[in-house]
Amino acid sequence: MSDASKPAKKDADGEVRRIKAPVKLDYTVTAGLALSRFLKGVTAGKLLGQRCGVCSKVYVPPRGGCPTCGVGMGEQVEVKDTGTLTTFCIVNVPFEGQTMKLPYVYGLIALDGADNALHHLILAPPEEVRMGMRLRAEWVPPESRPASMEAIRWFVPTGEPDAPWDSYKEHL
Amino acid sequence: MSGRACAITGIGQTKHASKRDDVSIAGLCREAALRALEDAGLSFADIDAVVIGKAPDMFEGVMMPELYLADALGAVGKPMMRVHTAGSVGGSTAIVAAHLISSGVHERVLTVSFEKQSESDAMWALSHKYPFQPPLMAGAGGFFAPIVRSYIKRSGAPLDTGIAVAVKDRLHALKNPYAHLTLPEISNDMVKASPMLWDPIRYLETCPSSDGACALVLTSAQAARRAPGKPAWVRGTSMRTEPAVFAGRDQVSPRAGRECAADVYRQAGVSNPSKQIDVAEIYVPFSWFEPMWLENLGFAEVNQGWQKTMDGSTALGGALPINPSGGVLSSNPIGASGMLRFAEAAMQVRGQAGAHQVDGARMALGHAYGGASQFFSMWIVSSERE
């Protein structure tokens, strides 16, 4: 916020054409029933999803309603904390709020037992990361585990053989 | 398109640049609007309603800029509304304006879209901390890079396809006096040597951050008779949306895009897009999206879009020129980028595209997309009314 109190910067011709006006926004989010159960689950090291009663697809995190069928979700199911990396990006760009040292990898992970892929960090040398790579979650220790996806620090390779293309090509 | 005929009688855009310090947001919008009005032979007083569009407010930090723009755009005492569909907004805004004509509500509508990226930080606005999520993505490039990787894997496209598009669109931009980027020295080697920002996307395979605006004057057929220039005619408009996440979602070739294209082709009587459409201005903020959209839009078979890029079909002089203006890769005032595609399509069928004119263009597609490849807007314009 210090920018606002400084004198405005003048252009070469002595004119002031811009001032900095920082904006800060605090807000409170209500997670809703389905996501609240999921967030309680991650603090206990469990990944809870929901299965749609119409299309049988399992969503993790659960969404309350099925985005395809437009109906309320059905039974709660627990999925594994292992999965397949479907696709990924190696980030070389710094940005505000970044926590990882560059370059780092994030990707879409189809958890075993889930029908959607979620975004998360991959801890592995970027040049070794592959589509189809098998991964497992590395959890934050229980005593400091937050009620958020940050309860999982990142995903690490399991060392298993890569998943076949057909097993994850629907998650692109 | 159903309802009354809708003519495009005025087209205006600003000189796009990384920083337009010489104008405010209002001044930027007026620059485009006054050019469109002059082209249409009208003044603000002749306009019945104003429809404006821009990307999220956080991109400039100006909350509801439409309130502050009402006087600058001559909307006092008239209906004014703002449209908002993420990156596709420029297209959706033109479509909403066109519907005000085709529905018979108004005779002359001014539509304006803009972005002044230099006044804030879109990278920040797109990378802010979401509740319950770790910070991951690093802006739009970070979001779209995994999708590009999926396309490369699925299609088996040569890895230099993205480089080819990056060079081609920058060469096109040299023929467009309004384009932001002018890189006469652009070459495959130069793109290849540029930093790999979001692997597999290189710096020169991405769009710039631009300040710019675009404006159109749309009128009924009767009002178009008094226009000084030859109008372009809107022959079809379509918008489609889909959720960002659902099981089995094809992020490379979203269903919403395929269905939007099918709908707009049906309205315009297009059964063979590659044959019937002379030129297309499509939303390509990262070079690999050219081959991806060629497939999504039905200009190429699945997994074969890259062939048209690589054989030169999509360059000016090719069988299907794509983005002769230089496209989003050369100018990206985000909120205006979609309308620029729509406007450039109309310029082509009016024969007013100057050095980047496609000879004899009669039917053109304007295309925009936004969000997580989940909002689509398209129109087809023609030199012929029917």
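In the predicted model, Gln50(A) stands opposite Gln76(A), a residue of strand 3 of chain A. This pair belongs to the antiparallel arrangement in which 4 bridges join strand 1 (residues 47–51) to strand 3 of chain A. The two strands are part of an open sheet of chain A, built from 3 strands in the order 2-1-3 with antiparallel pairing. Strand 2 (58–59) and strand 3 (76–79) of chain A are its edge strands, each pairing on one side only. Helix 2 (residues 33–43) of chain A packs on this sheet and touches strand 1 and strand 3 of chain A, its direction making about 150° with that of strand 1.

The hairpin formed by strand 5 and strand 6 of chain A has 5 residues between the strands, and Gly113(A) takes a positive phi near 105°. Because 8 of the 8 residues of strand 5 of chain A are buried, this strand is largely enclosed by the rest of the structure. Both of its faces are covered: Tyr104(A), Tyr106(A), Leu108(A) and Ala110(A) are buried on one side, as are Val105(A), Gly107(A), Ile109(A) and Leu111(A) on the other.

At the interface, 32 residues of chain A are in contact with 34 residues of chain B. On the side of chain A that touches chain B, strand 4 (82–91), strand 5 (104–111) and strand 6 (117–122) of chain A are the elements that give two or more residues. Strand 4 of chain A gives the most, with 5 residues. By residue class, this side of chain A comprises 16 nonpolar, 10 polar and 6 charged residues. Strand 4 of chain A is also joined by 2 bridges to strand 5 (residues 196–199) of chain B, the two running antiparallel, and Val91(A) stands opposite Trp198(B) of that strand of chain B.

Chain B contains an open sheet of 9 strands in the order 3-2-4-7-1-8-11-10-9, with mixed pairing. Strand 3 (80–83) and strand 9 (279–281) of chain B stand at the edges with a single partner strand each, so one side of each is left without a neighbour in the sheet. On average, neighbouring strands of this sheet are turned by 25° against each other, direction ignored. Strand 1 (residues 6–13) and strand 7 (residues 211–220) of chain B pair in the antiparallel sense over 7 bridges, with Ala7(B) opposite Thr219(B). Helix 1 (residues 25–40) of chain B lies across strand 1, strand 4 (108–116) and strand 7 of chain B, running at about 135° to strand 1.

The largest nonpolar core has 162 residues, and Val112(B), Leu216(B) and Val381(B) have the most contacts inside it. Helix 13 of chain B provides the largest share of this core, 10 residues. Domain 1 (29–79) and domain 2 (80–172) of chain A both give residues to the core, which therefore lies between them. Among the residues that Leu216(B) touches are Ile8(B), Ala36(B), Thr111(B), Met339(B) and Ala343(B).

Methods
Residues numbered from 1 in each chain as written. Chains lettered and ligands numbered in written order. Predicted model: local features only at pLDDT ≥ 70, side-chain atom pairs only at ≥ 80, totals over all residues. Contact = placed C-beta atoms within 7 Å. Nonpolar A, V, L, I, M, F, W, Y, C, P; charged D, E, K, R; others polar. Pairing = 2+ DSSP bridges. Axes fitted to C-alpha atoms, helices over the stretch in contact; angles between N-to-C directions. Core = buried A, V, L, I, M, F, W, Y, C linked by C-beta atoms within 7 Å. Buried ≥ 20, exposed ≤ 12 C-beta atoms within 10 Å, placed from the backbone. Domains from an automatic or database assignment. Lists of a residue's contacts leave out its neighbours within four places in sequence.
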